[in-house]
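Reader: I have this open for the first time. Can you walk me through chain B?

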Amino acid sequence: MLASPVLVPPPAPPAMHIPDGFLSVAVSITFWVLSVIVVGYALKRVNQDLGERQVPMMGVLAACIFAGQMLNFSVTGGTSGHLLGAAIATILLGPWAAVLVLTCVVGVQALIFQDGGLLALGANIFNMGIVGVAVSYFVYRTIQKLAGGRSWSVLVGGFAAGWTSIFIAALACALQLALSGTSPANVAVPAMGGIHALIGIGEGLITVGALAFLYATRRDLFQARQARPVGGRAVWIAGLAIALALAVASPLASSHPDGLEWVAEQKGFLDVARKPLFEIIPDYVFPGVSNGTLATILAGILGALIVFGVAFAVAYTRRNRQPVPTDH
Amino acid sequence: MHIHFLDPYRPRPSLIHRLDPRVKFALTLAFILAVALTPLGAWPVYILLFSIVLSVEILSELGVSDVLKRSTLALPFALAALPMLFTVQGLPLLTLGPLTLTQAGLERFAGIAAKSWISAQMAIILASSTPFPDLLLAMRAFKIPRLLVAILGLMWRYLFVMADEALRLMRARQARSGQPAASAARVGGSVAWRARVTGGMAGNLFLRSFERADRIYAAMASRGYDGEVRAFPLPHITRGQQSILALGLGLLTLLVLGGFLFWG
């Protein structure tokens, strides 16, 4: 088959990029703040390690992860597995550089390709960039230590890091949705966790394949990394803490969804139950129309008229527009 | 074959394209924030927000149907909010076995889907009407660290190179693989084997990127790069553009306030 535009899958939207509209403003802003702090620190750390190499190295590797997400393999029927890359970036580049690279990837996906929202970007960076990287680092380093640095631990560690990074990031995503009151925890946690437990296997297998190839051809990449463990203990502990917290909080939240709902309500996240200050159309009944259904239909027609009126008016003003010279 | 078609930017001689990227960036973010802040159930405000996005689509000359088509990409995620139909307490509308569809649940679900759809359209217009270098300029104006902006700029420059590289790898795999007549038939070994092959390709892509990054660094260093990111000072924002920004922000504030007063 010849490669044609139709055959090239666009960067497949994994089910983990939260679009705008699904997170409450409070949750969005909280995760923006957390992400900004961590990414700012990562920027500083990588600058210390790589110096003036930072910009070309991080830029090209971010482009590489982005392009690597296009590589896919068919599983069954129409479904296919593909790489997300948090684990492999962490293993090859160290945690801080991986945070930067994934932040750029998730940012460009949101800004240019609408894979994930802009207001939700903070949460998406947190899930895929920060949680994914910290958990990968923790799992990979632990298996390396346990195996005493034997060569098989690269592959086992790679698979475990790939799977765990996806699974734990999905739990974080589910909890954010539940906290925002857009998906009940007792449905979101098992559903997101279940789907991503499967997606994680694909991620783990691709990570192993990539590591096996690199281990055979460029072992120096691994040795350089082992001689100089960047980030060290703090990231390991953060990874452990995140993995533990989410692994404990998720089943708790999903068996007591009311608990999370209660938190959401206390924080004022849920805005359905509040009373408006003024009511223009009380109880959805139009003034002068007593039938509820009729009133709803009338309101719908009125809304459609407003939308098309505005659209028509804008289009009308543009009807005789002279072509404007541009510099493009 | 190059995959420049991935770039969503479409040049048009439109008003929206000529807006200062900083004004456009700020207004897009403000719009999405306003959509998020609008209380669920404030349908008249949603209608007005939708009218705004539709007007901008018409003004941008990008083709309303094209923007609408692209905006459906985010819809599958709405599945995540689907359980809300049945779990929110309220007036029962319909009973399906053990599940009861409530009016409040329906309203919540429709509100989330509408918010997501309206926000996605504005983000699409921003990406389609602004070249990436202009977006980088807007990011600089918003005090995003210069190093991060420089990394994003370099990433963009090599995104298409690396995507072409990935495309070549995929074409090579395809050239060496059989294709069954019946497309449903399973070929090419087990799923794990296929995943490993894909992994090898990903590793290869990594290796090529490492080597390319070294070459790029050497090229930059040979031209005098010393780690300091230098950029031209930001140009002035004209009076007209400033007033567009102020008007847009004012309108959005009014809409959100209205939403809170009447439907909060």
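Author: Chain B has ten helices and two strands, taken as DSSP runs numbered from the N terminus (helices H or I, at least four residues; strands E, at least two). This is a predicted model, where local features need pLDDT of at least 70, side-chain atom pairs count only at pLDDT 80 or more, and totals for chains, interfaces and linings use all residues. Residues are numbered from 1 along each chain as its sequence is written, and chains are lettered from A and ligands numbered from 1 in the order in which they are written.

Reader: What pattern does chain B follow along the sequence?

Author: The pattern is α-α-α-α-α-β-β-α-α-α-α-α.

Reader: Ok, the strands. How many bridges join β1(B) to β2(B)?

Author: Four, and the strands run antiparallel; strands pair if DSSP finds at least two bridges between them. They form a hairpin with two residues between them, and B:G97 in the turn has a positive phi of about 60°. B:L96 of chain B stands opposite B:L99.

Reader: Switching to helices. At what angle do α2(B) and α6(B) pack?

Author: About 175°, with their axes 9 Å apart. Axes are lines fitted to C-alpha atoms, for helices over the stretch in contact, and angles run from 0 to 180 degrees between N-to-C directions.

Reader: Which residues of α2(B) make the contact?

Author: B:K24, B:T28, B:F31, B:I32, B:V35 and B:A36. In contact means C-beta atoms, placed from the backbone, within 7 Å.

Reader: And what are the spans of the C-alpha trace of chain B along its principal axes?

Author: About 60 × 60 × 30 Å.

Definitions and conventions
Two residues are in contact if their C-beta atoms, placed from the backbone, lie within 7 Å.
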